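My notes follow the structure.

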Amino acid sequence: MAAQEPNLTRSLEDYLEAIYTLKLRNREARIKDIAKAMKVTMPSVSEAVVSLASRGLVAHRPYESVELTDRGLELARQITHRHSAVKDFLTNVLGLPEDRADAEACGIEHAIDPDTLDRLIKFSDFARACGSEKSLRLDHFQHYMRHGSYPEQCPVHPPDGRGHVHRHFGGRPRSAISSFKLSELRPGDRARIAFVSGGGPIRRRLMEMGLTSDAVVEVVRAAPLGDPIEIKVRGYCLSLRKNEAERVEVEVID
Amino acid sequence: MTGPDIGGDLVVALAGNPNSGKTTVFNEMTGARRHVGNWPGVTVERHEGWLRKDGVNLRIIDLPGIYSLSTRSQEETIARNFLTSVPVDVIVNVVDAGNLERNLYLTTQLLELGIPTVVALNMVDVAQSAGVKIDVGKFSELLGVPVVPTVGHRGEGIDELLTAAIARARCETCEPPRSARHSPEIEMEIERLRQALFLNDEGPVSPRWLLVKSLEGDGAAIAQLVERSPLGEAARLQVDISRHHLEQHFGDDLAAVITDGRYGFIGGLIREAVVRTGDVGRVSLTEKIDAVLLNRVLGIPILLALMWITFKLTFDLGGVFGGYIDRGFVWLGSWLAAALPPGVVSSLLVNGVIAGVGGVLVFLPNIVVIFIIISFLEGSGYMARAAFLMDKFMHIVGLHGKSCIPMLMGFGCNVPAIMATRTLETREDRLLTMLIIPFMSCSARLPIYILFAGALFPNHAALVIFCIYALGIVLGAVSGKLLKRTLFGESVSPFVMELPPYRWPTIKGTFIYVWERSYLFLSKAGTVVLAASVGIWLLGALPWGAKFGGEESLVGKMGWIAGPVMRPLGLDWRAGIALFFGFGAKEIVVSTLGVLYGSQDNSVSLQEVLPLYFTPLAALTFMAFSLVYTPCVATVAAIRREANSNKWMLFSVAYSMALAYIVALCVRGIGLAFGLR
């Protein structure tokens, strides 16, 4: 997973993650904004950016937004996904409240070995599919690790590995790997739909138009005024507002 | 069989998604043997056609284009009520072969109805050239219904489609359509409920369809179930228990689970029967066009430019032909005046009928041109792009991007535009759009601008007209924001809309579209305008012996009221009378002006007379007032019908009257300040 990353200090990883998050949210990441987001001074941000630039992860010219290089983007995604995977484990399996899980994940994410992380993610998935509030059998988990398929005694085991496996944790279903909202993607990004959240007529409408779990979507463009966006799904083009796209949780396909 | 018998040997219902080419197929099937009306109780257009094939009389009903058989929009409700209450012999489901997955979503629901069905795989040529190869035999086998490939706009496969539909409707031994299998748990509940509720197969729709819809939580279906089950109200409880059980099992809203399942079924179907041969990365023509038309920088300027071209064409091209008609009527008027002995009959014909109706018919070419363009924009797929481009802006002024389409149509005629508001999903959005549409200057108001701009600003006519249209748009935006803030909550409705691939509209389709709307205009000129013209002539001619349109005539006396009201605007009483009659139809404004100003000498046209009575500033004020004040009776009636409320109708009238006066005052004030006269 994160095997080939250049040696980054924990703090540089945090910077990279912050730049990535800012760019997702605002499309640009200025030194000032990074400083504000990380609650540090602007000179320290500048120093970190120079350091990241020397590793070929970002490009930056004075007074302009910090740009991620392709390698930087790749790495930032890994770091961010690592963060959400750990957080997912902490909330869904260990039952930590969201805010605490977030803070904890910040610490754990830097220390964890890629292989351990991989197992952690698998365990989250397994717990969702084969566990229940009352029982979760470790021998079944070993089977899952060895064969990559759920054992037959699983209380819920959808035949094709998909379906509605989110109920045991009652809350928001989130993929352990790399979960984004459709509204956060940029033109050209492709993603697989994990889940359409919320309820009521808007959700039904989105699903009827083909935005169901596992469908692949591609963001085509945003309207000239920034909203709505145009996406391609099931071979046709659909437009929807960003606040509607926010309900669609996706996994980015690289 | 229950429900009313609607005649014809076989009743064929055409159903399909919007943009599936359904209307083209309908046009190819029926040609001129058709009738446009309204669905009972609502004003969605109902197209119906007849034809005779192999000795069988077919009655074809073109249902509104829909994505699903739920009841979230009026179109869906209409289509669904028709299919579930009228004995339909066969459904022809038109499916866009190039957009199979989403089109088949409706198909999976139609098949559940248990009505004999034939699928028309439309636009197979486009799909093929995009590298989508469909194994028709396999496809038909998997769906359990006949599948006929068609190319609507070339009429290919239509004959085979009709033959298949007749055979299917007449087939005694055919199995009912095979519907999508849902997941085993749901199928078990469907079977359990069917037995528990003692449902039999009698009735227009299959129990399976009712049960699936009920499990989705569809109120109308549950009500129908309660009616059909001997258990009565207890059936409702049974459904509730099943739904609760299944939602517990799936941990999700059951309607969502079923939707998921339908798409799963479609996915399997496509894996088996469709081969994608073309390279997937190929950039389609639509993508290339959209790269320009929806471009970040160019998109909106192009939209504005297209609107500008629309007006330019309407004015220039329409004006040429309008000029011929104008001269024809002037000639006819002076010929009649010379040929007939002077008196009441001559005056009625020359001053009443010819001045009135002629003054309106002059604009028929303009109307034809504008509807040809609107038909092109709609048929090509650009209208949806306009909504996409403008949604953010519309959203800022409190409207929905989809309001953009009715509002653009409002430039043609407010009446169909107000009818088109039903594509909006919430009542607030619909009401708000209805209140704003009258500020979109309809083609009936165009004659007024053409007349005044042509007469007083001959060198800048197009610019002046463009500014008037722009003023209307600005007023609409300001009103939208204002009314949204004060009258409606800040609730927001979804903007989930298909951007269909660009297509050439068919000539036949355009012709039918333009003909139907021109016919509406002509029938209005023939009835409302003729009656109003004669009425105005009477007001101008009575009492007998008074100088026509003079101060002693009835009109002149009414002018004593109109005069003081219009004076602050720098307009005379005759302008006031013309505007008053414009309430009947905006076309009448011009014809009234023709009667009131043109009466002295029939050998000159109104355009030559006007500069004697109007200063440029007065003309601007008059145009602004005409733009804003209460739309015609037909529009007001449409608002009443669509809003289903007298209160909103009266509000619309009062609001636009007050605003018109204020705007006209402002135009005059600003004009005077800049030294215009």
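**Aromatic pairs**

I searched the whole structure and got 14 aromatic pairs over all chains. For the record, rings of Phe, Tyr and Trp (its six-membered ring) pair if their centres lie within 6.5 Å; planes under 30 degrees apart are stacked, over 60 edge-to-face, and the rest tilted.

I picked Tyr20(A) and Phe180(A), an edge-to-face pair at 6.2 Å centre to centre with 80° between the planes. This pair links distant parts of the chain: Tyr20(A) is in helix H1 (residues 10-26) of chain A and Phe180(A) in strand S3 (residues 179-181) of chain A, 160 residues apart. Helices (H or I, at least four residues) and strands (E, at least two) are DSSP runs, numbered from the N terminus.

My cut-offs: buried is under 20% relative accessible area, exposed over 50%, partly exposed in between (1.4 Å probe, protein chains only).

Next I looked at Phe321(B) and Tyr324(B), edge-to-face at 6.5 Å centre to centre and 75° between the planes. Both lie in helix H13 of chain B, 3 residues apart, about one turn of the helix. Phe321(B) is partly exposed at 48%, while Tyr324(B) counts as exposed at 51%.

I also noted a cluster in which ring pairs link Phe439(B), Trp648(B), Phe651(B) and Tyr655(B).

**Ground rules**

This is a predicted model, so to speak plainly about its limits: local features need pLDDT of at least 70, side-chain atom pairs count only at pLDDT 80 or more, and totals for chains, interfaces and linings use all residues. Residues are numbered from 1 along each chain as its sequence is written, chains are lettered from A and ligands numbered from 1 in the order in which they are written, and side-chain values use heavy atoms, with hydrogens and water left out.

**Charges over rings**

Arg102(B) lies over the face of Tyr236(A), 4.3 Å from the ring centre. Lys586(B) does this with Tyr629(B), at 4.0 Å from the ring centre. I count a charge over a ring if NZ of Lys or CZ of Arg is within 6 Å of the ring centre and within 35 degrees of the ring normal.

**Gly322(B)**

Gly322(B) is in helix H13 (residues 299-339) of chain B and is buried, at 5% relative accessible area. What does Gly322(B) contact, leaving aside neighbours within four places in sequence? I found Val362(B) and Pro365(B), contact being heavy atoms within 4.5 Å.

**Strands in chain A**

S4 (residues 190-196) and S5 (residues 216-222) of chain A pair antiparallel over 3 bridges, with Ala191(A) opposite Val217(A) in S5(A). S5(A) also pairs antiparallel with S6 (residues 229-233) of chain A, over 5 bridges, and there Arg221(A) stands opposite Glu230(A). Pairing needs at least two DSSP bridges between the strands. The S5(A)–S6(A) hairpin has 6 residues between the strands, and Gly226(A) takes a positive phi near 95°.

**Cores**

The largest nonpolar core has 98 residues, and Tyr449(B) and Phe622(B) are among those with the most contacts inside it. Apart from it lies another core of 52 residues, including Leu68(A) and Ala222(A). A core is a set of buried Ala, Val, Leu, Ile, Met, Phe, Trp, Tyr and Cys residues joined through side-chain atoms within 4.5 Å.
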